[in-house]
Amino acid sequence: MSGPHVISGGANGIGLLTAQRLLAAGESVVIIDRDELPAELVDQPNVTFFQQDVCDLVAMAELGVEIRDRWPQCTSVIASAGINYVGPFAELPFLQWNEVLTTNVVGALHLIHEVLPSLLGTAEAGERADVITIGSIADQSYFHDAAVYGVASAALKTFAAQLRIELRERGVRVSNIAPGYIRSTFAERLEGLAHEYDWLGEGLLTSDDVADVIGFVLNQPVGVALGDLDVVATKQGWA
């Protein structure tokens, strides 16, 4: 029987809602987040929580060893930890841009690298094994004051596309999900996009919508893989 779903950023937003849906379906989850675990998940028997920042390379490597030892088979790894700053590239401190790249790109790739052996174990047993990256439509659409976030999103999309080819013959599926404007705690930091969010209003995409799409990807038959998925609100209407 396959093991847990490993979710970074699973204490908030899309990651949290995805974890809750998986738990409701009887699955087990491993949550990695620098924030504390929400109270409603603390006593859940199918939750294993590691309070860890994915930017800490040494700690993540040690955590990877523990995950592989405890779970030689994992069902999926979902890299949903992310951060963003919006502003002119020249005006914000580069430390902030570095945090975006380190969290969204390096953190995601490192997590996947550490969990991949357990996914290969699942695939070798003939079961579904998934890598899912959560990017943004900024990977192909261009926004004012979002240069570095766009770079990070494009990097995730390219990584997923390349890894998909690399792992296809080994039975591991790789998907990149790119949401549009979304109502979430993540989006609360995007002061530079206030006009767009005001315009969309109640028509905004929600974290729950994206969690639905993640569930759809995971539930495909073992021989079916979904690649790049752009997910936008109907009112937004473009990607």
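Visitor: What makes the meeting of R173 and D130 a salt bridge?

Guide: Their side chains meet at 2.9 Å, N to O. A salt bridge is a side-chain nitrogen of Lys or Arg within 4 Å of a carboxyl oxygen of Asp or Glu, so the pair qualifies. Keep in mind that this is a predicted model: local features need pLDDT of at least 70, side-chain atom pairs count only at pLDDT 80 or more, and totals for chains, interfaces and linings use all residues. Residues are numbered from 1 along each chain as its sequence is written, and side-chain values use heavy atoms, with hydrogens and water left out.

Visitor: Why do you say that R173 and D130 tie parts together?

Guide: R173 lies in strand β6 and D130 in strand β5, so the pair ties together parts that are 43 residues apart in sequence. Strands (E, at least two residues) and helices (H or I, at least four) are DSSP runs, numbered from the N terminus.

Visitor: Why is E114 called buried, and what is R68 called?

Guide: Buried means under 20% relative accessible area, exposed over 50%, and partly exposed in between (1.4 Å probe, protein chains only). E114 has 9%, so E114 is buried. R68 has 28%, so R68 is partly exposed.

Visitor: What about R21 and D212: why does that pair count as a salt bridge?

Guide: The side chains of R21 and D212 meet at 2.6 Å, N to O, so they pass the 4 Å cut-off too. R21 lies in helix α1 and D212 in helix α7, so this pair ties together parts 191 residues apart in sequence. R21, at 34% relative accessibility, counts as partly exposed, and so does D212, at 42%. R21, D208 and D212 are linked in a network of salt bridges.

Visitor: What makes a group of residues a nonpolar core?

Guide: It's a set of buried Ala, Val, Leu, Ile, Met, Phe, Trp, Tyr and Cys residues joined through side-chain atoms within 4.5 Å. In the largest one here, with 28 residues, V6, I32 and L119 touch the most other members. Helix α4 gives the most to this core, with 8 residues.
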